[in-house]
Amino acid sequence: MMANQNTGILSGITKNMDIIAALGVVGIVAMIILPLHPNVLDIFLTFNITLAIIIMLLTMFTKNILEFSVFPTLLLVTTLFRLALNMSSTRLILSEGKAGEVISAFGSFVARDNYIVGAILFIIIVVVQFIVITNGAGRVAEVAARFTLDAMPGKQMSIDADLNAGVIDDNQARIRRENLQLEADFYGAMDGASKFVKGDAIAGIVIVFVNFIGGIMIFAWQKGMPVLDAVQQFGILTIGDGLVSQVPALLISTASGILVTRSASPTSFGSELTQQLLSTPKVIGMAAVVVFILALVPGLPTIPFMVIGGMCGIVAYFLVEEKKQKEIAAAQQELHQAEKSTSDKEPEDVSRYIYVEPIEIEIGYGLIPLAESENGGDLLERITAVRKQNASEMGILIPPIRIRDNLQLKADEYIIKIRGNDVGKGEIFYNQLLVMNPGSNQINMEGKSTIEPAFGLPAVWIDKSQKDKAEMLGYTIVDPTTVIVTHLSEILKTSGYELLGRQEVKKLVDMMGENYSAVVEELIPDILSLGEVQKVLQNLLRERVPIKDLLTILETLADYGSGVKDTEVLTEYVRNKMGRTIVSEYVRGDNKLEIITVNPQLEQYINDNIQKSIQGSFPAIDPTITTKILEKIDAILQSGQGMKPVIITSPRIRVAFKKLIEMAFPQLAVLSLNEIPNSIDFEGIGMVSVDDH
């Protein structure tokens, strides 16, 4: 029962610690104004010493500065507390000629009742604290703050790179960014807090002189005390007061020095010191030999050197034995692991090689700087932007894109892979620019001719010094990173449907189910399976139809899915419903659509020869007629350069006609009449026909 009561009291104190801390700071300020009884002053002085010891011990066991990030503020509060105690003790010394038992004990015991010895000790402590420890800790904090701030952009980019590579998740990235900011704030605060400690040391010296001279003047002149007695009494009191305040100050200054000079480590200071100082037994043994030799030098004391040398020798011996035991244990462990891996190698080793990345980019060693943020490379950030853009425009969640260096590639070559298969490649040059002529294929500049990988346009790689000339000529200028990112973006638009597996569809459907559960519950799995929904979504993405409006897609499938199970037909129903979204990409600013029509006789011929297969509808027509169709389309496109036409067909042949021409014209859209809203005007630029049809 008592234990529960104690726990409740402790819990109450913890919950109200903010109020207690605020009242404590107000109480410190009150101590400066209100006089304290000597017994109360003794308690506060003892608490001050205890607090200083606790703070120093905490820094010894702290593994990271963020574990004690409150230290700069605590340093200010403890400094203010010491100054308040100094003022209270000064008031007692000058008014009553005494200041409690703690100050008297320090003056008598530490100074041996000799104020001259005490004064020397006080000066030494102040010098050590002010010049050595505080000055050094402040300089370390200043440099650390500067380096931390300079390194922040690189560290933030590194966090973004890990997030983009899938090494960490969003929550871990957020925590790392917060810790990075806290670390910078800590060193900046410590740089300023060290000034408080310097000021405290100066104030301590001033207070000692005030107490000493003021006490002599008051008691010798005003109260008639003999001068020598006053000098003796107030010398002891003032030195005791100085020591009792500066000893805790020295401890806290030492703690601040330990904290700012420690780097992040998984172990405490003592463990780390032991591991690193005693890591090499040979060094300890050599030190023992040197100390033994010094013990034999005439004039030097033999016994101290022999004792220390013997201790070093014993430590070195035990370290050597411990190292041998560890080596034997490590060898046995390695043998055990080898035997274990031999017995169950199959399930453990093979599983690492059967995983295929959904999408990845392999780059040659010459392109590695593009992915290194410390060298100014922004490839990782640009790829993240592409993933966000794809999600915004197409409605598909692209998985993290891995970037790997491949020494088997040429130095300036890259390959884009989807599920382990090459879907695009190109060659770019890290220190050059790619120029293209948007008006024609003629580029009048010196450089290496090439083909732009995303759209297959003629281009030239030029030196960066020619950038101004290219701009004057009106050419389009692209940096190497943009070439890769543009190529990747186009591949995601044309082949992104391959990344839409059942698991990805499940995520999209679950997200939709949070707000539209009725639609999802009606459709899956009673009307259509998840796999059938996946095929419809893939069919849409294959022809660059965005699936952002997933609600419309699912509702349409729920309307027609009960009577139709052919995913190709279901896709056409969805396209008809999404006609305005599909057409909006191709409509000009004046609300007109440039179209290429198909001869009705040719449509009928294709319709009569459509065959169904596992892959969908295909027109089984004469290869000669296919060639004429493709030639006619090419002639129309050549005559209408600068236009962005679409082919309009009847709904019954749209899918088959698209598959007929997609190998030759993958970017050319084929729409059905049912997909065109009534508000859209047409502008015909040609008709596809052949002589026989």
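Arginine 404 and glutamate 357 join their side chains in a salt bridge, with N and O 2.9 Å apart. The pair connects distant parts of the chain, since 47 residues separate the two. Arginine 404 belongs to strand β2 (residues 402–405), while glutamate 357 sits in the loop between α12 (345–349) and β1 (359–363). The model in which this pair is found is a predicted one.

The two partners fall into separate accessibility classes. Arginine 404 has 36% relative accessibility and therefore counts as partly exposed. Glutamate 357 has a relative accessible area of 11%, under the 20% cut-off, and so is buried.

## Overall content

The protein contains 24 helices and 14 strands. It has 693 residues, of which 40% count as buried. Among contacts with a separation of 6 or more, 75% are between residues 24 or more positions apart.

Strand β2, which holds arginine 404, is part of an open sheet of four strands in the order β2-β1-β3-β4. The pairing in this sheet is mixed. β2 and β4 (421–427) are at the edges with a single partner strand each, so one side of each has no neighbour in the sheet. From one strand to the next, the twist averages 20°.

Strand β3 (residues 413–418) and β4 run antiparallel and are joined by six bridges. Within this pairing, isoleucine 416 has glycine 424 of β4 as its bridge partner. Helix α15 packs on the sheet and touches β1, β3 and β4. The direction of α15 makes about 20° with that of β3.

## Other salt bridges

In the whole structure, a search finds 19 salt bridges. One of the residues involved lies in α15 (residues 480–495): glutamate 490, which pairs with arginine 544 at 3.1 Å between the closest N and O atoms. Arginine 544 is in the loop between α18 (530–542) and α19 (550–560), 54 residues from glutamate 490. With a relative accessible area of 11%, glutamate 490 is buried.

Another salt bridge is formed by the side chains of lysine 659 and glutamate 568, at 3.4 Å from N to O. This pair also links distant parts of the chain, 91 residues apart: lysine 659 is in helix α24 (residues 654–661) and glutamate 568 in helix α20 (residues 567–577). Lysine 659 and glutamate 568 are both buried. A network of salt bridges links Glu543, Glu572, Arg575, Arg654 and Glu675.

## The parallel sheet

A further open sheet has four strands in the order β13-β12-β9-β14, with parallel pairing. Its edge strands are β13 (670–672) and β14 (681–688), each of which pairs on one side only. The average twist is 40° from one strand to the next.

Strand β9 (residues 592–598) and β14 run parallel, with seven bridges between them. Valine 598 is placed opposite valine 688 in β14. Helix α23 (residues 623–639) packs on this sheet, where it touches β9, β12 (646–649) and β14. The angle between the direction of α23 and that of β14 is about 135°.

## Two faces of helix α10

Helix α10 (residues 281–295) consists of 15 residues. From its first C-alpha to its last it reaches 21 Å, close to the 21 Å expected at 1.5 Å a residue. The buried residues in α10 include Pro281, Ile284, Ala288, Val291 and Ala295. These residues lie on the same side of α10, because they cover an arc of only 85° around the axis. An α-helix has 3.6 residues a turn, so residues three or four places apart point the same way.

On the other side of α10 are Lys282, Met286 and Ile293, which are exposed.

## Lysine 388 in helix α13

Lysine 388 is located in helix α13 (residues 379–394). Its relative accessibility is 59%, over the 50% cut-off, so lysine 388 counts as exposed. Lysine 388 and isoleucine 398 are ten residues apart in sequence, and their C-alpha atoms are 8.4 Å apart in space.

How values were computed. Residues numbered from 1 in each chain as written. Predicted model: local features only at pLDDT ≥ 70, side-chain atom pairs only at ≥ 80, totals over all residues. Heavy atoms only, no water. Pairing = 2+ DSSP bridges. Axes fitted to C-alpha atoms, helices over the stretch in contact; angles between N-to-C directions. Contact = heavy atoms within 4.5 Å. Expected span 1.5 Å × (residues − 1). Buried < 20%, exposed > 50% of the residue type's maximum accessible area, 1.4 Å probe, protein only. Arc of directions from axis to C-beta. Salt bridge = Lys/Arg side-chain N within 4 Å of Asp/Glu carboxyl O.
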